[in-house]
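Please read each point alongside the sequence and the model.

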Amino acid sequence: MKKIYCDKYDSEMVSYLSLFLYEEIRILLAKDINHKVVAVHTWNLLSSSEKPISKIWKDELYRLDVPTKVFVHNKYLALVPGALFNPEYLDIYLSFTDEFSAELKSFHTSLDSNNIQLVGGMDERLFQLLSDGKKQLSFHHGSSSFLSYCLAEKAKFLSQEILIYLFDKSFYLAAFDKETLKLFNRFEIENKENLLEYLFGLTEQLGFDRKYCRYNVFGNSYHFDFSEKWAQDYFKNINFESFKNIQNYHPGTESFANTVYLESNWEFS
């Protein structure tokens with residue numbers, strides 16, 4: 001586990017916690033009353049010694065009795081229009097996905113002034129473990145941060161805009177037509193050729209013009225050797241971007257701001 005603290009850190013400074021669960025890493029951010037990051041704990045899941053979730057559950061930061069948000073980056077998600085949403089039907093919404101399991105604990109996040117509800121799910125045993133001893137705890141699908149970012153930026157979009165966030169061996173894709181969300185989903189890939197196939201196919205499915213549509217790529221592109229020079233052979237208007245930064249850091253914690261993870265710059269709130 002890696003720990004980063006501000007220059008004058010103590011546990012009484014912590015007013016909020018945010019835990020982000022990826023397949024390859026777990027990230028715990030501690031913030032003060034002004035929402036500035038005072039400490040960061042990370043667990044690298046590529047190291048077998050760091051996989052047990054108990055390492056988080058027993059972590060001194062996570063055990064603090066403060067409001068805590070847990071963001072789960074996994075394959076269990078469904079997007080529901082706000083006008084059709086009923087919180088009693090969360091499991092039914094998830095059942096339309098190919099990966100539904102009866103042992104999932106479901107939850108939802110309201111976005112775009114309640115016009116969109118993002119339904120997520122996670123293993124019920126993990127849900128109970130992370131909930132133990134927590135009085136003020138909320139769960140969200142990890143993509144809620146990326147989708148909230150896209151919605152916040154849509155006024156700047158061209159008529160056709162596709163945004164991609166690469167992480168682990170997956171990516172989120174949000175497609176907008178005249179600032180209206182047309183598609184949002186998570187896809188699994190092994191290499192840049194897989195990504196290229198998805199982008200070609202989805203662009204055609206949406207009826208977008210590949211010569212006009214703007215593609216914005218965020219996150220861990222080097223993991224797939226997906227470079228701007230290579231991509232420009234296939235897309236006329238493609239940009240490799242950094243997320244607009246709304247996270248604030250105390251001195252001593254800024255190194256996390258330089259990572260490729262969305263949460264180093266932006267977080268759903």
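1. Helices (H or I, at least four residues) and strands (E, at least two) are taken as DSSP runs, numbered from the N terminus. This is a predicted model, in which local features need pLDDT of at least 70 and side-chain atom pairs count only at pLDDT 80 or more, while totals for chains, interfaces and linings use all residues. Residues are numbered from 1 along each chain as its sequence is written, and side-chain values use heavy atoms, with hydrogens and water left out.

2. Five strands make up an open sheet of mixed pairing, in the order S12-S11-S10-S13-S14; two strands pair if DSSP finds at least two bridges between them. Strands S12 (180–188) and S14 (238–240) are at the edges with a single partner strand each, so one side of each has no neighbour in the sheet. On average, and with direction ignored, neighbouring strands of this sheet are turned by 15 degrees against each other. Axes here are lines fitted to C-alpha atoms, for helices over the stretch in contact, and angles run from 0 to 180 degrees between N-to-C directions.

3. Strand S13 (residues 214–219) pairs with S14 in the parallel sense, over three bridges. Within this part of the sheet, Val-217 stands opposite Phe-240 in S14.

4. Helix H4 (residues 143–153) packs on the sheet and touches S10 (160–167), S11 (170–177), S12 and S13, where contact means heavy atoms within 4.5 Å. The direction of H4 makes about 25 degrees with that of S11. Helix H5 (residues 192–206) also packs on the sheet, touching S10, S11, S12 and S13, and its direction makes about 155 degrees with that of S12.

5. Two residues deserve a check of their backbone angles. Lys-178, in the loop between S11 and S12, is not a glycine, yet its phi is positive at about 55 degrees. Lys-178 counts as exposed because its relative accessibility is 61%; the classes are buried under 20% relative accessible area, exposed over 50% and partly exposed in between (1.4 Å probe, protein chains only). Asp-225, in the loop between S13 and helix H6 (228–231), is likewise a residue other than glycine with a positive phi, near 55 degrees.

6. Asn-265 lies in the segment after strand S15 (248–249) and is buried, with a relative accessible area of 10%. Leaving aside residues up to four places away in sequence, Asn-265 touches Phe-243, Lys-244, Asn-245, Ile-246, Gln-247 and Ala-257. Asn-237 is 28 residues from Asn-265 in sequence and 24 Å from it in space, C-alpha to C-alpha.
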